[in-house]
Amino acid sequence: MSEAYEVTFQNDTDTSYHFALYQNFPNSPGLNSVAWKVREIPLKGVIPSSAVVSWTMNYGVSIANWDPNGPTCTGSQMVSAELGKVYRVILMDVNVPAIQSEPIGDTHPGYITLVNDTNIPLDMGVTIDGAFVAVQKVNGGERLNFGTVPTYYAACYRSIKVGQSISSGIALSPVEIRFENGYTKCVVTTGLNKGKKKIRNPQYVP
């Protein structure tokens with residue numbers, strides 16, 4: 001069974017925020033990170049001023065569709081994926097791209113590879129716990145190599161949706177979250193530091 005993780009967002013300011021959890025993959029250059037877990041939390045004193053997100057490390061691969069009205073992606077097909085496996089996208093009879101549900105081979109341990117075996121460029125990505133964490137445009141005949149050792153970040157936005165690009169609209173700069181030494185839970189809190197609003201460093205809890 002996959003290990004469960006948990007982050008509690010706590011808002012101790014006089015401003016409402018959308019808290020977003022996203023991931024960065026230093027071993028996979030070119031991937032575009034998107035908002036993965038999002039919670040809207042009102043200002044301090046309004047109940048509830050905290051929220052919890054939790055997940056398990058269940059991986060999937062998907063073809064991504066970007067919303068033309070905004071930088072948000074959704075998956076047209078999601079297939080469960082295993083670490084160390086290669087998955088292939090093909091064109092069906094009606095020229096619709098589809099991911100084959102069974103892997104076609106092995107790749108490096110700790111990686112997932114997705115091959116675009118069509119003649120058209122496709123936005124493809126990897127999901128964790130049923131939602132996109134990263135997306136990349138892959139030309140026909142090329143592949144996406146996804147290194148699955150993430151660094152998590154928590155940031156505050158005025159407004160953001162799951163699957164939306166994290167590159168714009170940020171209100172409070174992100175803090176890094178690393179689950180190490182057996183910790184699987186932490187608390188991320190906004191507050192004041194020398195009169196300025198910021199996200200405090202995570203507090204890890206047993």
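This report describes the fold, surface and confidence of a predicted model.

## Basis of the model

The model is predicted: local features need pLDDT of at least 70, side-chain atom pairs count only at pLDDT 80 or more, and totals for chains, interfaces and linings use all residues. Residues are numbered from 1 along each chain as its sequence is written, and side-chain values use heavy atoms, with hydrogens and water left out.

The average pLDDT (the predictor's confidence in each residue, from 0 to 100) of the chain is 90, and 96% of the residues score at least 70. Strand β3 (residues 32-33) has the lowest confidence, with a mean of 83, while strand β10 (residues 105-106) has the highest, at 97.

## Overall fold

The chain has 0 helices and 19 strands; helices (H or I, at least four residues) and strands (E, at least two) are DSSP runs, numbered from the N terminus. The radius of gyration, taken over C-alpha atoms, is 18 Å, close to the 17 Å that the globule rule (2.2 Å times the number of residues to the power 0.38) gives for 206 residues, so the chain is as compact as a globular protein of that length.

The C-alpha trace spans about 60 × 40 × 25 Å along its principal axes.

Of the 206 residues, 46% count as buried, meaning under 20% relative accessible area with a 1.4 Å probe, protein chains only; exposed means over 50%, and partly exposed lies in between.

His108 lies in the loop between β10 and β11 (111-116). His108 counts as exposed because its relative accessibility is 57%. Its C-alpha atom is separated by 22 Å from that of Ser33, 75 residues apart along the chain.
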